[in-house]
Every structure is written in C-alpha cells, then in structure tokens.
Amino acid sequence: MSDPRTETEPAAVVCLGEAMIMLAGAAGPLEDVETFRRSVGGAECNVAGGLAGLGVPTSWVSRLGDDGFGRQVLRDLRGRGVEVGGVELDPNRPTALYVKESIDGRSRMHYYRTGSAASAMSPAFLQRPEVAQRLSNARIVHTTGITAALSTDTAQMLDELRGDFVLSVDLNWRPVLWRDKDPEPLWRLLRAADVVLIGADEALVFAGADDPAELHERLGGRCTLVVKNDAHTAVALEPDGRRTEVPALTVQVVEPVGAGDAFAAGFLAGTLQDLPMKQRLRLGHLNAAAVLAVPEDHAAPPSAALRDRLLTAADDEWAATKL
C-alpha cells in the first residue's frame with residue numbers, strides 16, 4: 001500500500017504503534033447508551049496526527065485489520081496529513097477498538113484489542129521494505145509502552161528497533177495490559193530510548209518513584225527525560241544534567257484523554273526544530289491545551305501566530321495565559 005501524495009518526501013518522524021476505533025456515546029452506563037460517535041484513537045497515531053498538524057512530515061506504521069474500521073483509520077490519518085504507506089492490512093485479525101463510558105463526569109475506557117492486527121507485529125515487520133525504508137529515512141522514531149505490552153511479538157520487535165535516529169518513547173503505563181506479565185521488556189525499551197516522556201503519576205505506579213532525578217538515574221542517565229506533572233508543570237532533564245521546568249497553561253478541561261500524546265507531538269516538533277528546551281516544553285503544553293479543550297483524543301493545534309507569540313513570551317506572560 002502506498003500513498004503517492006507523500007511518498008516522495010521522507011517523513012522526519014515515524015510513529016510505530018496501534019490505532020483503534022473509539023466509540024463514545026451519551027453520558028450513562030454502556031447498557032443504557034443506544035448510539036455511539038466514532039473517531040480514531042491510539043497513542044502513536046495521536047502523536048502522528050499532532051506532528052502533522054504542526055507541519056512535520058510524519059508517517060505512521062502499523063498493522064490494521066482489512067476491515068471497515070481499518071479503512072476508517074487510514075482515511076482519518078490521511079485526512080490529517082499523516083503518511084500511511086507503511087501500514088500492513090491483515091485479512092484475518094481485526095482492527096482494535098475501545099469504548100468510552102462517561103458517568104458522573106468521569107470517563108472510563110473499555111478496550112477490545114486482544115488478538116488485534118497490530119498485536120501481530122513482530123521483528124519481521126521491521127524488515128518489510130515499506131517499513132525499513134521509512135525507518136531508515138526518519139530523524140525521530142516514536143513509540144510507547146503500550147506497543148511493548150500488546151504481545152510477546154511486539155515486545156521482541158521493539159527490542160530490535162534500532163537505527164540512525166532518535167528513539168522517543170512515552171511510557172504510557174497501562175496496568176491492565178501488563179497484568180501477569182514481566183515489565184522487563186518495557187524497562188529495556190525505556191533505557192534504550194534517547195527521549196523518554198513519563199507522567200509523574202504513572203511513574204509512581206510503574207517505577208515507585210516520581211522524582212525526575214531518581215527516574216533519570218534509573219534509566220541510565222543518557223536520555224532526555226521529560227516528566228509531566230498533570231496540569232501543573234513539565235520538567236526536562238538532559239544527559240549533561242541540565243534541568244528545565246515550565247508550568248502548564250490554565251485550561252478549561254473538557255476531556256483529558258489524548259493530552260499526553262499532544263504534548264509529545266509538540267515536544268518532538270520542537271526537538272526537530274532544535275528549539276531551546278524551554279520552548280520545546282512550552283510547545284508541548286500548547287499542543288496539550290488544545291486537546292484538553294475538546295471531547296476527542298486530538299485537536300487542531302493553536303494558531304501559528306499564537307504559538308510564535310507564546311513560545312517567546314516572558315515567563316510572567318506565559319504563566320498568566322489562559323486558553
């Protein structure tokens with residue numbers, strides 16, 4: 001499968017991981033909801049769409065079921081400017097999906113991804129010419145701990161994900177996916193990464209610590225580590241020991257799901273531009289703020305004019321900004 005519109009321009013970033021169809025209905029228990037609204041979700045494809053929205057040439061590579069949901073994923077990502085020519089369609093395994101249940105203003109996710117097409121990715125998937133070519137041209141390759149948890153095959157695939165690129169990994173700790181599994185493959189992936197993004201709350205559950213310096217040391221100290229503390233702040237620790245902290249913007253939150261992926265997209269876009277670390281973190285916060293203000297897992301980024309103004313704003317102006 002190829003996408004003739006974009007295959008002549010190598011992607012600067014390749015995102016590797018599972019996409020899912022998301023079904024969301026009216027508030028109430030699932031047994032009482034009669035109709036659902038469909039959209040596309042999944043951590044790595046959210047990041048891919050966020051990067052494309054910021055003007056970064058981006059590919060998403062994975063496996064999908066050769067079914068209507070898989071075709072919807074491809075159509076959605078193409079529409080958002082993501083190149084998908086490295087995607088493999090599986091005639092036997094389905095596209096994964098999840099259902100969002102909303103009760104008393106709180107969302108709960110129900111995942112249906114066991115035996116999905118993406119869970120069959122293996123080291124051989126990286127050797128497919130369509131995938132190997134995109135990886136060889138990439139400046140950054142991004143994946144998450146979710147992909148490591150999908151199956152033994154996907155964990156082995158990530159063990160072999162090496163090349164002349166910056167490897168970016170978002171922890172995205174999902175305890176349900178790791179139930180009765182040894183998380184050692186995830187530790188190996190994080191320690192191999194050049195950029196690691198972690199939420200402070202999930203780090204405390206996964207690693208038993210949320211202090212950035214301790215986490216950096218446990219990961220080997222060679223990566224750029226970004227620790228996101230919910231709606232409060234983001235801290236970056238670089239291999240040379242430099243520490244940069246930037247407060248989050250004040251946002252009227254509609255739905256938090258997807259904000260971490262949007263942050264990752266903004267941070268990686270700033271990394272590609274070689275922006276100062278403060279501006280990389282600010283771009284992450286700006287992108288996340290746009291997603292926090294909508295019910296979907298992704299949103300258009302703030303305007304270029306607003307981004308340019310806030311990226312260079314004085315610290316007091318940044319801190320006083322509300323979106």
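This is a short tour of a predicted model, stop by stop. Residues count from 1 along each chain as its sequence is written, and side-chain values use heavy atoms, leaving out hydrogens and water. Local features need pLDDT of at least 70, side-chain atom pairs count only at pLDDT 80 or more, and totals for chains, interfaces and linings use all residues.

Start by colouring on pLDDT, the predictor's confidence in each residue from 0 to 100. The chain averages 92, and 94% of the residues score at least 70. Then pick residues 1-8: pLDDT stays under 50 there.

Next, the open sheet: four strands in the order 3-2-7-8, with mixed pairing. Strands here are DSSP E runs of at least two residues, helices are H or I runs of at least four, both numbered from the N terminus; two strands pair if DSSP finds at least two bridges between them. Strand 3 (36-41) and strand 8 (106-112) are the edges, each pairing on one side only.

Now zoom in on strand 2 (residues 20-25) and strand 7 (residues 96-103), which run parallel and share five bridges. Click leucine 23 and look for its bridge partner in strand 7, valine 99.

Angles run from 0 to 180 degrees between N-to-C directions, with axes fitted to C-alpha atoms, for helices over the stretch in contact; contact means heavy atoms within 4.5 Å.

Last stop: valine 61, in strand 4 (residues 58-61). Beyond four places in sequence, its contacts include Val14, Phe125 and Arg134.
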